[in-house]
Amino acid sequence: MDLRSRFVDRPVFITGADGFVGSHLTERLVDYGADVHVFVRATSSGELQNIRHLRDDITVHRGDLRDKQSVQRAMSALTDYTDTIIFHLAAQAHVGESWERPYETIDTNVVGTLNLLQTVVDLDLDIAKFDTAGTSEEYGNIDGQMEDKHEYADDGRVLLSERSPVNPTSVYATSKLAADFLTMNFHDAYSVPGVTTRMFNNYGPRQNPRYITGTVVTQALERDVVELGNLKPKRDMCYVSDGVRGHMHVALEGNPGEEYVYGYGENISMRDWAELLLEVGSSEGHWDDPEIVQREDRFRPGDSDVEELLVGYEKLNEETGWEPEVDWCEGARRTIEWYANNTEQWYGRVDWR
């Protein structure tokens with residue numbers, strides 16, 4: 001399907017547009033000629049960070065998801081449109097920070113989603129789709145009582161799909177699962193055409209350096225030791241441009257009231273991921289041979305870490321033709337290059353100093 005032609009002049013409203021995935025989505029939709037409205041948190045400086053270069057091509061609405069009045073004020077701009085697509089990507093999206101800031105995480109991710117959905121109803125907006133971005137963290141670890149409910153790959157690994165049981169193990173994961181259910185509640189009660197998307201472990205340029213990929217790369221760029229937490233968990237790492245295409249396909253072709261999950265379709269331990277990043281960066285001349293050190297004070301609290309995540313994206317592939325295009329080595333190369341060339345955008349945000 002030609003995504004570009006389907007988005008020309010189409011009104012879209014993006015929450016979290018100045019964030020990691022949101023900025024890449026906004027950039028792609030501007031390139032495709034969509035009528036792009038973005039909702040970003042109001043700050044004292046009023047500065048956009050990741051989408052500043054798009055300022056003349058988008059309509060910016062400032063507010064706070066937790067404030068229903070500011071949400072309604074922004075979304076009232078959509079009353080004159082038909083077939084608007086709403087991409088809801090705004091969230092407190094860091095698992096570790098959800099333990100440090102649990103109330104803000106719940107307020108933003110749950111109450112914020114409720115404010116958006118209720119505003120769609122209150123303003124009687126004519127929308128084509130409401131895409132709520134979920135997370136693979138919602139699956140958590142396997143509950144022994146639910147083992148027979150899971151699907152398994154040929155090698156015995158758990159294959160996570162739209163049919164898999166959920167078992168969130170962090171404040172962040174629980175808040176995102178609640179947002180998913182709210183989206184479905186409003187579909188069932190008010191026919192809001194909601195879909196939920198669970199992306200598996202996106203990475204790429206502009207990502208917060210506190211996530212695993214940025215943590216490895218920024219340390220390697222600055223010093224000879226890379227200090228990390230638990231290196232045993234396995235994750236399904238999906239490059240951001242593939243994640244953005246997934247959102248766009250679901251928004252156009254997904255069935256309201258349904259869930260769509262997608263990722264790279266293969267997983268890798270965090271130790272092997274760190275080693276892959278360091279090998280690619282070394283081959284590109286960014287550093288020599290940094291040492292990986294595991295530190296227990298960087299582990300997630302208690303038993304809250306998720307051991308293994310692996311996606312089965314057959315549903316999205318069968319319904320839309322989506323599949324990942326960027327392999328791990330190429331994704332790593334692009335990501336490292338961005339961090340190396342944009343030090344000022346991450347230097348003051350790391351958690352390892």
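Me: What makes the residues of helix H7 count as buried, and which ones are they?
Reply: Buried means under 20% relative accessible area (1.4 Å probe, protein chains only), and the residues of H7 in that class are Thr213, Gly214, Thr215, Val216, Val217, Thr218, Gln219 and Ala220. That is eight of the eleven residues in 212-222, so the helix is mostly covered. This is a predicted model, where local features need pLDDT of at least 70, side-chain atom pairs count only at pLDDT 80 or more, and totals for chains, interfaces and linings use all residues. Residues are numbered from 1 along each chain as its sequence is written, and side-chain values use heavy atoms, with hydrogens and water left out.

Me: What covers the buried residues of H7?
Reply: Among the covering elements are strands E9 (202-203) and E10 (225-228), along with helices H9 (270-283) and H11 (328-341). Helices (H or I, at least four residues) and strands (E, at least two) are DSSP runs, numbered from the N terminus.

Me: How do you know that Trp273 touches Thr213?
Reply: Contact means heavy atoms within 4.5 Å, and Thr213 is one of the residues that tryptophan 273 touches, as are Tyr203 and Trp328.

Me: Why are E3 and E13 called edge strands?
Reply: Two strands pair if DSSP finds at least two bridges between them. The open sheet runs E3-E2-E1-E4-E5-E8-E13 with parallel pairing. Strands E3 (59-63) and E13 (259-262) each have a single partner strand, so one side of each lacks a neighbour in the sheet.

Me: What makes E4 and E5 a pair?
Reply: Five bridges join E4 (residues 84-88) to E5 (residues 127-135), which meets the requirement of at least two. Threonine 84 stands opposite isoleucine 127 in E5.

Terms used. Buried means under 20% relative accessible area, exposed over 50%, partly exposed in between (1.4 Å probe, protein chains only). Lists of a residue's contacts leave out its neighbours within four places in sequence.
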